[in-house]
Each structure stands twice: as structure tokens, then as C-alpha cells.
Amino acid sequence: MSVQTPSTLQNLTLKALLRDEALALSCLEEVPFLLFPALFKEAFAGRLKKLMKAIVAAWTFPCLPVGALMKSPNLETLQAVLDGIDMQLTRKSHPRGKLQVLDLRNVHHAFWDIWAGAEDGSCSSESLNEKPTVVKVLRRYARRKQLKVVADLCLRPRRDEAQAYFLKWAQQRKDSLHLCCINMKIWAMPVDFVLEILNVFHPEHIEEFELNTEWNVFNLARFAPCLGQMRNLRKLLLAPLYKNVFKTANRTGDREDKCVKEFVSIFSKFNCLQHLSMQGVHFLTDHMSQVFRCLMTPLESLSITHYQISQSDLDSFSCCQSLFQLKHLEMKGMVLQVLDVMPLRGLLEKVAKTLETLNLQGCKLKDSQLNALLPSFIRCSQLTKINLYNNDFSMPILKDLLQQTANWNKMNVEQYPAPLECYNELGHVSVERFAQLCQELMDTLRAIRQPKSLSFATRICHKCGEPCVYGQGGRLCFCWR
């Protein structure tokens with residue numbers, strides 16, 4: 001039987017039960033199982049804690065995606081749900097069936113829209129914060145003996161009451177539950193705490209992991225074996241991690257190098273990694289080649305920002321096959337001013353048919369370097385966004401670039417630096433000159449093709465911390481307003 005919406009009689013039944021919580025509790029065993037989703041949803045919205053607890057304890061569907069109903073963490077409703085789970089755990093059997101997956105993630109589940117899942121146990125889901133995407137179907141219900149609890153965790157020094165309660169509850173029941181965290185973010189937490197959490201939520205289930213700490217390489221080496229267990233990791237972000245700068249002897253430096261090598265070797269454990277983002281990971285200087293060579297799968301996106309790149313690091317870009325299918329490349333704040341950029345050109349030529357976004361903001365590239373990169377730029381016909389803000393290009397080289405972009409017909413957003421001719425001998429912006437030259441560049445491009453979103457920006461003003469922008473969302477810095 002498939003029911004999209006309750007009938008009039010069912011609606012009347014629901015209203016009667018919700019008006020009298022004591023009545024609902026006394027006759028819950030007699031309520032048709034198809035009414036359970038609607039009854040739970042209304043009890044959740046009304047914060048009827050006793051009724052919520054009883055419904056969870058008697059839940060007959062394989063999956064309960066309660067996280068979809070949590071707009072914001074609430075301790076009392078979470079307690080009611082988890083109390084119901086405790087009651088489920090004490091029951092040896094249930095005449096109607098038994099809950100097998102409690103999903104606490106902040107995602108929208110089709111379950112609540114179509115009441116599906118009773119027959120095949122599948123629960124597709126779509127993100128609340130992003131455009132709808134299908135989340136992997138939860139498998140192996142029939143073979144699962146332990147109740148599976150799925151959650152996303154963002155761990156910070158100041159945790160809210162609901163999260164603190166859930167973590168304590170999970171830790172106390174880790175031997176009787178199958179606890180899974182799909183998306184984990186760590187912010188400024190000590191390594192011992194993180195290791196303790198990953199002893200409860202096993203690393204092998206994590207698909208997205210963010211580590212935002214100030215650990216030195218010794219703490220990172222302690223954490224490395226745990227990170228290496230994340231064999232299903234698809235997305236990894238590291239930022240910022242600092243190399244220990246207080247060396248008292250050569251022996252300390254040798255220990256550091258050993259720790260870095262141990263950490264780099266962990267990348268060979270990731271069988272599914274597609275998205276790699278590293279911000280300010282200066283301890284990896286001169287080790288980027290080893291990182292790329294350890295990767296087991298081609299990356300879809302690579303972001304390395306605010307990083308002191310060496311020539312040997314840059315040289316590895318053109319010879320590591322794990323980079324040859326990139327769709328997104330970001331090198332924001334990576335100063336290339338004194339480096340040979342031909343390896344970057346080699347990489348761009350290899351990804352010309354796949355690359356969709358390119359961010360070289362703040363790389364301090366010069367005319368000669370852009371001239372070297374130009375042949376590879378114009379071959380990237382799939383580009384939808386390019387950001388070249390905060391580079392040092394003259395008017396002629398910018399014109400040359402724009403005149404050769406006729407094949408950028410998929411481009412949506414273009415961001416270029418204001419030409420050097422906009423600045424006076426003191427490095428200050430001449431507003432009239434800025435407007436005149438940027439309009440001339442716009443006219444140059446519009447003679448070739450019609451841009452959708454085009455802008456030019458000056459360097460950051462040292463007085464107000466803002467740039468002048470010409471074009472889409474154009475504005476002057478605060479000093480000129």
C-alpha cells in the first residue's frame with residue numbers, strides 16, 4: 001500500500017491524538033503504522049516530548065531521519081529521541097519491525113514527503129543548505145544487527161548543550177550502537193579530544209573531514225594513523241597547520257622531517273579522495289610532490305592557498321597524473337612572482353578539457369608570467385569562472401589576454417586586476433584613469449564576446465583595506481567615497 005497524504009479520517013485521528021497526549025500514549029500500539037511519520041512530525045513540531053519518546057520506541061520503519069526536522073539543535077527534543085532509542089535497545093523484538101537507522105544529519109529526506117521506506121528501507125536525501133543532491137542509500141539493513149546512528153559533527157571548544165549531551169550519550173553506548181559520522185569538522189580542539197571522539201565514531205565512515213587547528217607536526221604525527229583509517233574519505237580540508245619553529249638542535253629538525261614524511265604517507269590510504277583543500281600548510285613546503293604521488297585516485301578539485309610554494313613543489317604540478325582530471329584549481333595567495341610558471345602551464349594544458357574554475361588571486365604574477373601562461377589559458381574552453389585579482393599586469397598584456405578568449409563561451413564570472421597604468425608613482429589609484437582603462441578593457445572584450453559578469457579590481461587600499469572595483473558590483477574603496 002502506498003499513501004501520499006493521509007485521508008480525511010486519518011487527519012481527524014491525528015488531530016485527536018495530538019490534542020490528548022495521554023490518549024495517544026495509551027493507544028499508540030493500535031495506531032496504523034502509516035500514521036507514524038505524520039504523528040511523529042507533528043509531535044516533534046509541538047515538542048510533545050513524552051509522545052515523541054514513545055513513537056521512537058515503537059518506530060516500525062527501518063529509518064528515522066529525525067535530523068531533517070531539526071532546524072536548530074534543541075536539547076529537550078534530542079533527549080526525547082535518544083530516550084526512545086534507549087527503549088528500542090532494551091526490546092528484543094518488535095511485532096511490526098524494528099528501527100535500524102537513526103539519521104541525525106541536517107538533510108532533507110524524501111521520507112517525510114512521500115512516507116517511503118517501509119517496504120524497501122531506502123531513504124534518499126537532499127541537502128537543506130545546497131541544491132538538491134541524492135545522498136547514498138543506506139544499505140545492508142537486513143544484515144545489520146546493531147542500530148546505526150548517523151550524524152554530522154562540527155566540534156568547537158564551545159559546544160552547545162545538545163551536542164555535548166549527544167556526544168556523552170554516544171560514548172556511553174558505543175559498544176551497543178553502530179555510530180557513524182559522515183561529515184566531521186574540527187575547530188581548535190586538542191588532539192587527545194579528537195582521538196577520543198574518533199574512538200566512538202569510527203574513522204572509516206567519514207567521507208568529508210575538515211581539520212582547522214594549530215597543531216605542530218608532532219601532534220599531527222600522533223593523529224596521522226587515525227587519519228589514515230578514513231579510507232572512504234572524499235573531501236579533505238587542512239587549515240592551518242604549523243611547523244614547529246622552536247628548534248633547539250638538529251635532532252629536533254630531524255624529528256620534524258620524520259613526522260612530515262609519516263603524515264605525507266597517509267595520503268596513500270585514501271582510496272576515494274576527490275577534493276583536497278590545504279590552507280597555509282607551510283610544513284609541506286618541498287613535500288607537495290610526494291603528496292600528489294601518494295594519491296590513489298584523480299582529484300576533481302585542488303585548493304592550495306596562502307602557502308609558501310617552492311619551485312620543486314610547482315614543478316610537480318605538470319607531472320603528477322592525480323591532477324590531470326581537475327575541474328577546479330585554486331592557488332589563492334600562493335606567491336609565484338619569482339618562480340618559473342611553465343610547470344603550471346603544463347598542468348593547465350593537460351586539464352584544458354576538464355577545468356571549470358581557476359583562481360589565481362593574489363599570486364603576484366607579472367606580465368612575462370601571464371605571457372607564458374596565455375597559450376594554456378585560452379585552451380581551457382570549459383571555464384565558467386576565472387579570478388586573477390591582485391596580480392601585476394599591464395594594459396597591453398590584459399588586452400592581449402581578453403582578445404584571445406573567444407572560445408570561453410561557457411564563462412559566467414571573470415575577475416581581472418586593474419592594469420598597472422591605473423597607479424601613480426606612489427602606488428596610489430588614479431580614479432579617473434582606473435575608470436577609463438577598465439572601460440577600454442570591457443569594450444575590448446565585448447568586441448570578442450558578451451561577458452555575463454565581468455569586473456576589474458585594484459590592489460587592496462592600505463588605508464581602508466578595500467579595493468576599487470569596476471564592473472559587476474562596482475565600487476570605490478572607502479577613501480574615495
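In the predicted model, Leu 374 is in contact with Asp 400, Leu 401 and Gln 404, when neighbours within four places in sequence are left aside. Leu 374 belongs to helix H14, which spans residues 367–377. Its relative accessibility is 4%, and Leu 374 therefore counts as buried, the cut-off being under 20%. Between Leu 374 and Thr 405, the C-alpha to C-alpha distance is 9.9 Å, with a separation of 31 residues in sequence.

The largest nonpolar core comprises 145 residues, of which Phe 40, Phe 166, Phe 209, Phe 223, Leu 284 and Leu 336 touch the most other members. Helix H9 (residues 217–228) gives the most to this core, contributing eight residues. For Phe 223, the residues touched, not counting those up to four places away in sequence, are Val 191, Val 194, Leu 195, Leu 198, Phe 209, Leu 211, Trp 215 and Met 230.

Aromatic pairs number 14 in total. One of them, formed by Phe 209 and Phe 223, is stacked, with 5.9 Å from centre to centre and 20° between the planes. Because Phe 209 lies in strand E7 (residues 208–212) and Phe 223 in helix H9, this pair ties together parts that are 14 residues apart in sequence. Both Phe 209 and Phe 223 are buried. An aromatic cluster is formed by Phe 36, Phe 40, Phe 44, Trp 59 and Phe 61.

Charged groups also lie over aromatic rings. Arg 255 is placed over the face of Phe 218, at 4.4 Å from the ring centre. Likewise, the ring of Tyr 423 has the charged end of Arg 459 over it, 4.3 Å from its centre.

Conventions:
Residues are numbered from 1 along each chain as its sequence is written. This is a predicted model: local features need pLDDT of at least 70, side-chain atom pairs count only at pLDDT 80 or more; totals for chains, interfaces and linings use all residues. Side-chain values use heavy atoms; hydrogens and water are left out. Helices (H or I, at least four residues) and strands (E, at least two) are DSSP runs, numbered from the N terminus. Buried means under 20% relative accessible area, exposed over 50%, partly exposed in between (1.4 Å probe, protein chains only). Contact means heavy atoms within 4.5 Å. A nonpolar core is a set of buried Ala, Val, Leu, Ile, Met, Phe, Trp, Tyr and Cys residues joined through side-chain atoms within 4.5 Å. Rings of Phe, Tyr and Trp (its six-membered ring) pair if their centres lie within 6.5 Å; planes under 30 degrees apart count as stacked, over 60 as edge-to-face and the rest as tilted. A charge sits over a ring if NZ of Lys or CZ of Arg is within 6 Å of the ring centre and within 35 degrees of the ring normal.
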